[in-house]
Amino acid sequence: MSSIGWIDFDEKERDRANALMQLFTEQEARDELGMGAIRDSIADHLFPGTSTVQTRLRYMLFVPWIFSRLPRHGNSMEVLDQMRADQLKLRNALVAGRESNGVIGVNAGPGLKRLPASVYWAGLENWGIRLFPGSIDSYAASLHSWPKVTSRDHHADDYGANRSAPPLWHPQLPSPPKGLFENASFALSEEEAEFIVDRLNGSNPDSLLTFLAQKGGNARAGNIWTHPHVSEFPARMRRLVEHASIFSEAMYGAALQYNLQLSQLRDKEDWVEDYESQIAKWLQDLDLARLKHWSLEEFWDDIRHPAHRVLEPARRFVTDWTDLLKTSGGLKRDKARGQALVKERERRLKKGQSRFTNQAALSRWKGSSGAYRLQFRWSQASRHLQDLARG
């Protein structure tokens with residue numbers, strides 16, 4: 001039986017470990033061929049501070065509002081209990097406000113395990129809304145001893161002046177609405193929307209998310225590369241979006257091939273037929289001319305991100321797979337080579353748990369693993385932008 005653990009050296013390491021554990025339950029974390037670091041590098045360039053488990057934008061304000069009102073007396077366990085209780089109150093207030101889409105814990109009720117704070121904690125720091133540098137647990141432990149921030153002498157004073165301690169949250173955080181725990185909604189006020197845009201511009205001025213937030217509007221698209229205003233994106237972002245589009249399409253074929261081979265091993269004729277049909281459609285739509293002109297050297301250079309390390313085996317698999325597509329007209333002339341690449345990649349990743357060699361692991365397979373096109377968190381970013389536009 002596999003397990004994962006870490007030694008709790010410091011807050012940064014704990015935060016990284018918690019983020020890793022959270023990824024295992026995210027939709028796009030079904031990373032059977034080890035493309036996660038590449039996927040997340042692109043996503044963090046385009047839509048920093050987002051994650052696939054985020055739902056609605058106003059949680060970026062709900063969480064600091066809840067945490068800002070916590071009492072500074074009592075021990076850390078009491079503070080943590082209050083954090084949980086208030087987040088459950090928020091859930092009930094959103095239900096009372098007739099919000100039906102995106103309420104975290106709408107079905108779980110009091111048994112909710114993943115609270116909004118854990119979902120948005122990293123994003124709040126990335127956007128410059130949370131200034132406290134540690135984890136939620138350390139926030140609770142530090143609150144009683146954290147020096148209070150002194151008030152400004154005049155309304156026009158600089159927000160960084162006349163303060164006895166660094167603030168826990170951005171000083172310009174809008175005030176919470178009255179009756180927050182009685183009746184709440186995801187609708188942003190004009191002040192709240194302006195604050196979000198200002199924070200994005202201050203923390204991630206060169207990201208596509210910031211550009212689209214500043215542009216405003218409510219343009220919708222199934223993928224970021226089909227956005228109606230893609231021609232207006234800044235040059236660097238257009239290049240990244242083009243990389244994302246080509247990479248997603250190429251790797252979709254590898255994911256389908258992986259699922260087809262497992263279906264064949266399971267001797268599931270209906271599954272095999274379905275994946276063969278999907279591969280035929282993918283090959284029909286694959287733009288080989290665009291793929292042949294795609295520079296992998298530029299791709300690796302453009303997607304490089306300090307938070308993600310793309311290992312050499314992943315780079316090699318992408319190179320070998322795309323080279324195969326270029327030289328064999330997709331998979332039309334060398335299916336065996338494609339099958340071998342996918343099989344070897346999964347075996348190296350999973351080792352003893354490879355579904356190609358471990359009969360028990362194969363038997364547990366339910367018929368689909370990562371058989372989708374990568375979106376790089378566009379679904380979540382798009383929803384946030386819709387909320388912002390309505391605000």
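**Exercise 1. Is Arg238 buried, exposed or partly exposed, and which residues does Arg238 touch?**

Before you start: this is a predicted model, where local features need pLDDT of at least 70, side-chain atom pairs count only at pLDDT 80 or more, and totals for chains, interfaces and linings use all residues. Residues are numbered from 1 along each chain as its sequence is written, and side-chain values use heavy atoms, with hydrogens and water left out.

*Solution.* 
- Step 1: Check the cut-offs: buried means under 20% relative accessible area, exposed over 50%, and partly exposed in between (1.4 Å probe, protein chains only).
- Step 2: Arg238 has 37% relative accessibility, so Arg238 counts as partly exposed.
- Step 3: Now look for contacts (heavy atoms within 4.5 Å). Leaving aside residues up to four places away in sequence, Arg238 touches Val230, Ser231 and Phe233.

**Exercise 2. Work out what the salt bridge of Arg377 joins.**

*Solution.* 
- Step 1: Recall the rule: a salt bridge is a side-chain nitrogen of Lys or Arg within 4 Å of a carboxyl oxygen of Asp or Glu.
- Step 2: Arg377 pairs up with Asp40, and their closest N and O atoms are 3.9 Å apart.
- Step 3: Arg377 sits in the loop between helix H15 (359–364) and helix H16 (378–390), while Asp40 is in helix H2, so the pair ties together parts that are 337 residues apart in sequence.
- Step 4: Check the cover. Arg377 is buried at a relative accessible area of 9%, and Asp40 is buried at 11%.
- Step 5: Zoom out: Arg39, Asp40, Asp44 and Arg377 are linked in a network of salt bridges. The structure holds 19 salt bridges.

**Exercise 3. Find out what surrounds Arg345.**

*Solution.* 
- Step 1: Arg345 belongs to helix H14 (residues 335–350).
- Step 2: Arg345 is buried yet has no salt bridge. Asp31, the nearest side chain of opposite charge, is 6.8 Å away.
- Step 3: Not counting residues up to four places away in sequence, Arg345 touches Leu33, Gly34, Met35, Pro313, Ala314 and Phe317.

**Exercise 4. Which residues of helix H12 are buried, and what do they pack against?**

*Solution.* 
- Step 1: In H12 (residues 296–303), the buried residues are Leu296, Phe299, Trp300, Asp302 and Ile303.
- Step 2: The buried residues of H12 pack against helix H2 (36–46), H9 and helix H13 (312–327).

Notes: Helix = DSSP H or I, 4+ residues; strand = E, 2+ residues; numbered from the N terminus. Lys, Arg positive; Asp, Glu negative; His and termini not counted.
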